[in-house]
Amino acid sequence: MAARKDSSGSREPSAALVRRTSPDVGRGTQSPNSWALGDGQQVPWEYAPAPESRDVVQLKSRYGLFIGGKEVAPRSGQWFTTVDPSTEEPLAEIARATVEDVDQAVSSARRAFKRDWGSLRGSERAKYLFRIARILQERSREFAVLETLDGGKPIKESRDVDVPLAAAHFWYYAGWADKLEYAFPNRDPQPLGVAAQVIPWNFPLLMLAWKIAPALAAGNTVVLKPASSTPLSALFFADVCRQADLPPGVVNIITGPGEIGLALVKHPDVDKVAFTGSTSVGKEIGRAIAGTDKALTLELGGKAANIVFDDAPIDQAIEGVVNGIFFNQGEVCCAGSRLFVQESIADSFVERLKDRLSTLRVGDPLDKNTDVGAINNAAQLAKIEELVEAGIAEGADIYQPACELPARGWFFRPTLFTNVAQSSRIAQEEIFGPVLSVLTFRTPAEALEKANNTAYGLSAGVWTEKGSRILDMVSKLRAGVVWANTFNRFDPTSPFGGYKESGFGREGGLHGLLAYLDLGGGH
Ligand code: NDP
């Protein structure tokens, strides 16, 4: 097996890729932090553990389906288990829906659409959405802990990003619910009907909010299927709907494997399909509903270029690059997984990046100091390991800081590859993990050519002090979202989405509403 360098520069076997199993390795990492004394002596120091309490979440042993405002048992009589990826311990049993359950959920959504929601005044719909936003804020700590328990993401991210942004989407779309005629003047905006929504495991609550908030604001009813590895926040959201007195059937949640997602999107009484997930499943859904009159939006994978010019604000760029790829363990469709650095600064930039990587704290997701949590599921960890091995085999140089990984759970070290060929799998395929491929360029034209050399087109980043260069790059980068001197910024008012293999349609902003409205043939 190949050898690689750790942060001390020493050669070690590929155990860097292997999870540590030493019983004396605790949760959290050895911190490389130290104080420099006047005489040049270094005094190491360590963060004290700062675990968030998991007691704020009361889990039941089992969760049924949420259909017609009630929790119901699956007709299959079967249940599956959702686990905590940081410990591999079971959290709860989850209903495995059948095709008959899907049918019941869609009927329930249709009844609610006809009976109440589709004809309810916008100002009345808005009240419910405002109420949901407020409840999410009131229960934010509970949702943050739940999201971290079920998904493995660091609590500081679920607390500061996922939950506040989810609430912000309900606030934002609540504001539009009674102003649709102003948003789309002279177009007589009408809801589409029943929306089937299938969401992934990387941002379970946020993806739910991206889909449910605009759908409801526009007057649609929904059936949502969360990913099987992260169903809990959607099932807790069912409780939020009850708390908000949402009319029964306006929101339905079904759980089960991918085939249930497929049965849902193919259901003949569904008018609109919204999917976020892998490109392969997105294509399968596209094929499955081709020839029907269902509206479709697909938000799929990505392989974003983060481009750093030699005049960039370097400290900010380092932070932006780190945030771009290690946020949510890199399990982000718009992650800046390909770094392009201008050749004149490449060596020093990479050295500084390595130093910064060595300060990242990998470990217990519930610890408030953790930067990189657990990989969401075993299959995803295996995929990351496989692609990293492929990068080594293809001749790229790997760097991983010498941090200890927890003894249990699915963890992977922050990883950086240099000497990466454009054709390498790690430069072309979506890894969906904490792995950064570094490439270089000399001129803006070369940066553009390399950045656009991908099957994806979701996001990109540009770091430079020249406004004119930003405008030039933005107009030529083939990506749905381009960040300038920042990365991974999300806002409910701003549309998000891609093209090419990254899908089509937009979520967020007015564009996000458009996907749930009939404008007389104009949508
Ligand atoms: P999938 O695309 O398989 O899963 C996303 C959602 O679709 C889940 O709810 C899943 O259900 C459901 N699903 C699975 N198969 C079907 C189907 N045939 N028809 C309808 N719905 C289906 O993603 P994975 O979880 O398998 O992740 C694989 C790869 O996809 C990752 O490594 C990453 O590259 C990419 N990905 C991209 C995401 C993004 O945000 N763009 C998010 C997640 C993954 P279930 O969970 O029950 O299988």
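In this predicted model, the ligand lies between two domains, because domain 1 (2–49 + 302–484) and domain 2 (62–300 + 498–518) both give residues to the shell around it. The space that the ligand takes up is the largest pocket.

So who are the neighbours? The shell around the ligand counts 29 residues, and the closest are Trp-201, Ser-228, Ser-278, Gln-380 and Lys-383. Sorted by class, the shell holds 14 nonpolar residues, 10 polar ones and five charged ones.

With Ile-199, a backbone N or O atom sits 2.8 Å from a ligand oxygen. Lys-225 uses its side chain instead, with a polar atom 3.0 Å from an oxygen atom of the ligand. Over at Leu-300, a backbone N or O atom is found 2.8 Å from a nitrogen atom of the ligand. As for how covered the ligand is, it exposes 860 Å² when taken alone, and the protein buries 84% of that.

Methods
Residues numbered from 1 in each chain as written. Predicted model: local features only at pLDDT ≥ 70, side-chain atom pairs only at ≥ 80, totals over all residues. Heavy atoms only, no water. Near = heavy atom within 4 Å. Polar contact = N/O pair within 3.5 Å; in protein donor to acceptor, adjacent residues only side chain to side chain. Areas by Shrake-Rupley, 256 points an atom, 1.4 Å probe, with all protein chains shown as cover. 1 Å grid on protein atoms, 1.4 Å probe; cavity = no way out; pocket = protein on both sides within 12 Å on 5 of 7 lines; lining within 4 Å. Sits in = over half its atoms within 2 Å of the grid points. Nonpolar A, V, L, I, M, F, W, Y, C, P; charged D, E, K, R; others polar. Domains from an automatic or database assignment.
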